Amino acid sequence: MDYIRENVNDILKRIELSAKKSGRSLADITVVGVTKTVDVLQINELVSLGISNLGENKVQELLNKYDRVENVSWHMIGHLQTNKVKYIIDKTCLIHSVDSLKLAEEIQRRAEQKNLIKDVLIEINIANENTKYGVMPEAAEALAHEISKMKNVRLRGLMCIAPFVENSEQNRPYFIEMRNLFIDICGKIADNVYMDCLSMGMTNDFEIAIEEGSTMVRIGTGIFGARNI
Ligand SMILES: *Cc1c(COP(=O)(O)O)cnc(C)c1O
């Protein structure tokens, strides 16, 4: 599985270069290894290389792997149905995909039951694509305001999945818009939110995302190769 090591080394180098362009360093960027469709052997190889933040986009797949991979923090990065919150509430460090008040309220309810504080991001449908989840940029502040009132939910920032494009430069305006929205919400809502996370950038566009202020990139294909789905 040398390819995993080579891919990770390559990606970390590229992250470092992009971080420098925005006045930061590699240590300022969190890499979430996206392990959907990847088996536990490969995942453990990744973990042995020091990548300990892992992301799954389906609840069932996360649960299947949860007990078989040790010393990692799991991120829920895909659309989350309200009725599945209970399965992952105490198994994830961060839910990236809060896209409705109803979902945030269910996270509050389940987190309170377990007596924990749940870190979340609001997912933004930044390019207004009808194939994507997320709230429209103009609705983000209102949702952030509602979440700020929840005792057991802590808003950490925003997340987006930029469009699939041939040339990643095409996504730069969306990343800039995300950063501006992030700054805007930070300035307007002070109570009970700890906005330090801008989750944007995937295999095809993470360099541009970091140049524009991403603090967390989610990378699957770039580490494990193309998935056969
Ligand atoms: C699959 C996925 C990724 C990773 O995409 P790659 O192009 O394979 O790097 C990132 N974020 C989400 C939400 C995903 O579902």
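User: Is the crossing of α6 and α7 left-handed or right-handed?

Analyst: Quick heads-up: this is a predicted model, where local features need pLDDT of at least 70 and side-chain atom pairs count only at pLDDT 80 or more, while totals for chains, interfaces and linings use all residues. Residues are numbered from 1 along each chain as its sequence is written, and side-chain values use heavy atoms, with hydrogens and water left out. Helices here are DSSP runs (H or I, at least four residues), numbered from the N terminus. A crossing is left-handed if the near helix is turned anticlockwise from the far one by less than a right angle, and right-handed if clockwise; for α6 and α7 the crossing is right-handed.

User: How are α6 and α7 oriented to each other?

Analyst: The axes of α6 (residues 137-148) and α7 (residues 172-188) come within 10 Å and cross at roughly 30°. Axes are lines fitted to C-alpha atoms, for helices over the stretch in contact, with angles from 0 to 180 degrees between N-to-C directions. Angles under 35 degrees count as roughly parallel, over 145 as roughly antiparallel, 65 to 115 as roughly perpendicular and the rest as oblique. That makes α6 and α7 roughly parallel.

User: And what about α1 and α2, how are they oriented?

Analyst: Helix α1 covers residues 2-21 and α2 covers residues 40-48, and their axes come within 10 Å, crossing at roughly 45°. Therefore α1 and α2 are oblique to each other.

User: Which residues of α1 and α2 make the contact?

Analyst: Contact means heavy atoms within 4.5 Å. On the α2 side you'll find Q42, E45 and L46, and α1 brings Y3, I4, R5 and V8.

User: Which residue has a side-chain N or O atom 2.4 Å from an oxygen atom of the ligand?

Analyst: The residues around the ligand (a heavy atom within 4 Å) include R218, G220 and T203. R218 has a side-chain N or O atom 2.9 Å from a ligand nitrogen, and a polar backbone atom of G220 is 2.9 Å from a ligand oxygen. The 2.4 Å pair involves the side chain of T203.

Terms used:
Helices (H or I, at least four residues) and strands (E, at least two) are DSSP runs, numbered from the N terminus. A polar contact is a pair of N or O atoms within 3.5 Å; within protein, one must be able to donate a hydrogen and the other to accept it, and residues adjacent in sequence count only if both atoms are side-chain atoms.
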